[in-house]
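Subject: Structure handover

Hello,

Here is the structure we talked about handing over.

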Amino acid sequence: MPKVDSQLMPRGVRRSTPRQFLLWILPWCALLAFGLYGAGLCLVKGLNQTNMDNRFAFGLWIFVDLTVIALGAGAFFTGFLLYILKKRELKAVINSAVVIGFICYSGAVAALLVDVGQPARFWFTFWHPNVHSMLTEVTFCISCYLTVLFIEYIPIVLKNRKLRQVPSFLVFEFELHKLMPVLAGVATFLSFFHQGSLGGLYGVLRGRPFAFREGFAIWPSTFFLFILSAAAAGPAFILLTTWLVSKISGKPLVRPEVLPLLGRISGILLVPYILLKSIDTLVWIDSTSPARGFAAYQYYAWKPFGPWILFAEIVAFGLLPALILLRRRLRESPAWLLSAATLVCLGIALNRFVFTIQTLALPTLPFDPFMSYLPSWQETATFLAVVAYGVLLYSFSFRYLTLFPQEKDLSC
Amino acid sequence: MGFTRRDLLTFTGGSAAGLMFTPVPWSLLRDTAVLSENWPGVPQPLHGEIRTRYSTCTLCPAGCGVRARCVGDRPVSLAGVSGHPASRGVLCPTGLVGHHLAFCRDRAAEPLANGRPVAIERALAGVSAAIAACGARESVAILDPRPGRAASLVYRRFLAGLPSGVHCAPPNAEPYGAFGIDLENTRAILSFGAPVLDGWLSPGRVLANRSHFQLIQVEPAYSRTASLADLWVPVLPGSEDGFAAAVARALEGETSDTHATEVARILLRNKPAIAVGGGAAVATLNAKLGSVGRPGGFLPRRDFTPVTGIASVPDRSIGVLLIEETAGGEPLPWDLLRRKLIPQDSVVVALTPWLDGCARHADYVIPAPMYLESLDEAPTPAGSTVAGFSLSPALLTAPPKLTPPAEFVLRLAHDSATYPDILKQRVAAIKKDGRGTVFTYPDAKSARVRDIPDLWKAMLGGAVWLDEPLHSGTVRGADLQVCAGPPGPALPPTPEYPLLLIAADNPPPHGSPLMSKLYRESGLRRPANAATVHPKTGRDQGLEDGARAIVTSPSGKFPVQVIFDAAVMPGAIEVVGQAISPASIRRA
Amino acid sequence: MTAITPKPARYGMAIDLDRCTGCGACMIACAVENNVPPARPEATPRTGITWMRVYQISNGASFPDTRAAFIPILCQQCGKDTPCAAVCPQEAVETDPATGIVDQMPQRCLGCRYCMAACPYHARYFNWWDPQWPAGMEKTLNPDVATRMRGVVEKCNFCHGRLHTARARAAAGGRRELHPGEYVPACVEACPAAAIVFGDLDDPASEVARLARDGQSFRLLEKLGTEPKIYYRTARPWVRQAAAQQRPASEPPERRLRAGLPAPQGSGQKEPAHA
Amino acid sequence: MTVFQKHRGQILFVAGVLVALAAGWRAFPVLRFQRVPQPVAFSHKIHTDKAGAKCEDCHFLRDDGAWAGIPAMDKCSGCHAQPMGTSAEEKRFIDGYVTPGREVPWQVYSRQPENVYFSHAAHIKLAHLDCRQCHGAQGESETLGPARVDRISGYSGSPHFQDMNACEDCHRQRGAANSCLACHK
């Protein structure tokens, strides 16, 4: 067994002993098993196992899906920069980015299949699509993009030392590789779209003045804000994960200039996002919301959702990290870089939380009560299952595949 | 060279590719949708010819006409009978789902003796033995929830044959004695706690006339009726009689408190006016208003025969007590009945469709058919100014081992007649007298009794007989005997019991599981365990909205869930169906 | 050849809040007509299915000045940019051009609940449980309405089963057009106070159109611009205030709805937050 | 080295494709449906010709617009209390169903899902469709053919009643209502 294990590993890099590796994955497997049990309950007994209800039609899962997909945007955006804008330095992280993207999207789709009441009918959306629904757009793009990510994943797998020995695989891998720029292009297009549609999902809710936004053509402003924010958060997340992996594995994985570069990209994208987000918010407070009979100030009168949320979203988790990431001197220092990246990711999460949870918590009818919701353990377990799945898949990929090409040179 | 694994793979690959171009995968995929439609365990409705059948509701004294939409013979929904003189085409929420009652839990399914199933003959023998064993001063009593039925006649005949038989009724079974209320001509109603717009008399009749009477509600609780009244006068519990007297004085022109004067003004401006809800003062008030024996007031009807109220039966006097419970009525408080029984060797017989009412305390339980399960009768509709009668034909097939209460008593009396025979006799008697008119449900037409050849058949098809009105000249017992008024608190509040329990909202009646679901989820009726208090009172007692708490009163303690409602009188606790008394509340 | 389709109607309701006694007959008639199952013991006010739900509203004043009224809420059958219809990913929701009724097809529904998030009236309900009836009671189900399975959304469709029946009866007599009053939803028929008037809003002669026009009528959340077809009427200024006003900034807990309160014991752990 | 040897792979692949196509287009449509025979060999022809019965005698619209469908036993026993003819089948029918008063478990050719609503009234009285249009020449048939039942769904497999498209197309052509709830409940 250890023999096979070592044969599978990439040449010229050192990996933990099988024993250490086993100890590392065991707890995650346990967590996965527990999570799958929770998810199983929801599938077999029905969604009464969750704490969602007719008012909180969406809960933890949708929030997680949105966040995870935003963070997974690193895959397409890095690909875009590398293959389309030819930013060669990013070659160092592209494989890792693809794997992370694949994990995020497949995880989100899995969670969605538990979330819907009749999973067996998932194909209806393709059979009888309602072209006016943002959700249709999301479903189509995400399933296509997931396929793309899968195809992008294949060559990484085929590069594996053992698999290379099959000649036809080698050919296939080579062919695929020539395809990469095309795929990257397709991926970019698809991602731009569904990241946007995910924002549109809420922007079009004319019955929910808190979420509703005016927009251009069929797309509400949230459509564009979501694209921008995802593009900004993606690199930050790649940055964090890369740093995390090298800390855990105790090895340098990329050249020192790569992480700051990712930070810079994220910072550059944050600035326009914050700007547009602020404008959008002002327009919404000033006209969009009042026009539909809801003074914006009152949304923030329902504790705990005070005005602090706006401040946190725009200043603490937006402007602040942007400024840090744009200052070369701060960017160079790991502490600043990492904390800024963390802030960015938190900001995205908060933004997605506001749109999913706060939108539903706020009353609409004059005699509605304000309502709160706490996920049940089954819901939380399902969420943890996704996390565990991600960690495991990444761990195996890292152990047996070349996620960081520079690692070899750096280690010797 | 043979067929290698590689060949097999190629072949399979080929066929897989080919299959995609056949209907196979797609039609199979479509069938998964069909499977998700016929979700396992989801029942499918029965199909068949849609028929309309008629009956009369016996769940409460209102006597509403019922139109049942049936698939084949099975009722799938109930509705009112348009033009029905008592119900005016209306059914109350309970009545709308009356056909669900048969499927409730807590049904009495077979005769029980001391909790153990027995044959009906054994039960009969046991009860007759107990009756035979009764000494001269140990009375045999039948508690009759609806006196004035043919069944009541059976009871009275049987009891007359015994040394000391008592035919008694629950308190306020006959709220206004021999009198009905001429709602059609009333212009103002002064109600002392009567639920005028919440199931009073025949709801349909009340609402049909609502537009032309002023409604003044005198009640401590902001009840449903209070919220819809033209004027709500909140008074302290027990002070109703005082207020009635004040109004009476104000009618005389004497100056009294502003509320009373205001009320008097409304009453004088809108004549004829009546006062309802009971209490001695209310009787005098009606006398003052001149509402007795006059159009728009209380009119006497012909069919009244007085019965002893259970309260006036001497304590510790009953040796054998037969209690009839109807499908709709809420059971009497047991301690009220217990006081009347001879302590040790008394026998209680429950003639009831339910296991959770008086059956819990009975030595013998004789399961009665559920509403719509057997031919039944509806006597004079509550508050009607003329006598009335209608049959309630069965729409559901009853399970075996059920005995209608009247039938059980007939068999005790060794009478060969069956309950339907008794009903036939009643109808025959109506036909013989030849008075009054009959309203038939299917064609919504009225005809004189004389002109109906086969009255029994007509009645079975759904009909109500209404007597001719008495000439107001011939008023029998011109003094209006009025039921007891709303009770005041037994004791004044004490430091130990600083608050006051107020009975608000009646306890939810036995009802369809569907009805209880809807009331619970909409919060439209307070849950049975709710204690509603003014937010200020609540906070003073260290409670918050939705908290679980314990209410303690001299008569005991019970757990509740606190609801804050600014409509409640400060210092009071509104609880569902509890006697008024001082009490205290604290966190559980 | 459009001759075959009858003149399109725009069915709507006018509900008189001053007549409504809050008895709940409409809710019950609705549930019976549409085969809504009795609740599981775990069900709460927030997970139950009530196509029609009567809310109690109050003027917020304290005893003895407090005043309460009842307001039945059902699908408001939005006529313009119907929020739920636009968002459904697989055409399980549509507005019927012939009747203006917003159709919901549980057999097509994926159970994503996006439509519920979109509906400002909370008039859509999700089947959190498998429907179950006490033994024998399934024989009282209405054959004109199909039962739903778990995991799908359902809502009021103006008793479409009754529309089928009315049309069949008319067709048997060779008529395409329905006479006014030939088709009424169960709640309208059951209301003891005759507080609900139903009919074709496009027929100027109809009672409902007349009521919808007069000054006492208003609609909920009118400013959202979704043109609901349920009109509410009242002469009591405070009722109009409480039902039609803009959402207040904050409100004392007393103002909270009974419907929002924790259900009685044994009904699950979910407690609404305090405003 | 024969041609077969040379192109062994391709040939096998194509063979696979062909087999699949044959199975999918020829065998599957047959296997998919189960042919359930009718419990009684009823002849419309005899009843219309010899007994001079009219279609509407058994298959009629009720006043409320509901379709009576297949007549119940009371209709049959009206005439068949005693044998009208001499056929063994009739005797079997009388002994098996009439005398014990059992309903005949007829196989309905058009069995649809519970949520499907179909109004005969609208199609006969308003659209003036001829019965044949959907039911074919059932009315003149000598015997009742077996019912085609989808093995998986248990619903009708008869061409006319197989899926929604047939209904939708006709409705579209005639400009009839096509909203979900027009034909669903």
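This is a predicted model: local features need pLDDT of at least 70, side-chain atom pairs count only at pLDDT 80 or more; totals for chains, interfaces and linings use all residues.

Chain D

Chain D has ten helices and two strands. Read from the N terminus, the elements come in the order α-α-β-α-α-α-α-α-α-β-α-α. The radius of gyration of chain D is 23 Å, whereas a compact globule of 185 residues would be near 16 Å. Along the principal axes, the C-alpha atoms of chain D take up a box of roughly 80 × 45 × 30 Å. Of the 185 residues in chain D, 15% are buried. If you take the contacts in chain D between residues at least 6 apart in sequence, 68% of them link residues at least 24 apart.

Chain C against chain A

The contact between these two chains involves 55 residues from chain C and 47 residues from chain A. On the side of chain C that touches chain A, at least two residues each come from strand 2 (53-58), helix 2 (83-87), helix 3 (114-118), strand 6 (124-126) and helix 7 (237-244) of chain C. Helix 3 of chain C contributes the most to this side, with four residues. By class, the side of chain C that touches chain A holds 32 nonpolar, eleven polar and twelve charged residues.

Chain C against chain B

Here 58 residues of chain C meet 59 residues of chain B. Helix 1 (25-33), strand 2 and helix 5 (186-190) of chain C each give at least two residues to the side of chain C that touches chain B. Which of the elements of chain C gives the most to that side? Helix 1 of chain C does, with seven residues. The residues on the side of chain C that touches chain B fall into 32 nonpolar, 15 polar and eleven charged.

Helix 1 of chain C

Helix 1 of chain C is mostly covered, with nine of its nine residues buried. Those buried residues are A25(C), C26(C), M27(C), I28(C), A29(C), C30(C), A31(C), V32(C) and E33(C). Just after helix 1 of chain C comes N35(C), which has a positive phi of about 55 degrees.

Chain B

Chain B contains 16 helices and 28 strands. Its C-alpha atoms fill a box of roughly 125 × 65 × 55 Å along the principal axes. Chain B has 588 residues, and 53% of them are buried. Among contacts in chain B with a separation of 6 or more, 70% are between residues 24 or more positions apart.

One item to look at in chain B is an open sheet of eight strands with mixed pairing, in the order 5-4-17-16-15-6-7-14. Its edge strands are strand 5 (116-117) and strand 14 (308-309) of chain B, each of which pairs on one side only. Inside the order, strand 6 (residues 139-143) and strand 15 (residues 318-324) of chain B run parallel and are joined by five bridges. For a place to start on screen, L143(B) has I323(B) in strand 15 of chain B as its bridge partner.

Helix 4 (residues 120-132) of chain B lies across strand 4 (112-113), strand 6, strand 15, strand 16 (347-352) and strand 17 (364-367) of chain B. Relative to strand 17 of chain B, helix 4 of chain B runs at about 130 degrees.

Regards

Note on methods
Residues are numbered from 1 along each chain as its sequence is written. Chains are lettered from A and ligands numbered from 1 in the order in which they are written. The radius of gyration is taken over C-alpha atoms; the globule rule is 2.2 Å times the number of residues to the power 0.38. A residue is buried if 20 or more other C-beta atoms lie within 10 Å of its own, exposed if 12 or fewer, and partly exposed in between; C-beta atoms are placed from the backbone. Two residues are in contact if their C-beta atoms, placed from the backbone, lie within 7 Å. Ala, Val, Leu, Ile, Met, Phe, Trp, Tyr, Cys and Pro count as nonpolar, Asp, Glu, Lys and Arg as charged, and the others, Gly among them, as polar. Two strands pair if DSSP finds at least two bridges between them. Axes are lines fitted to C-alpha atoms, for helices over the stretch in contact, and angles run from 0 to 180 degrees between N-to-C directions.
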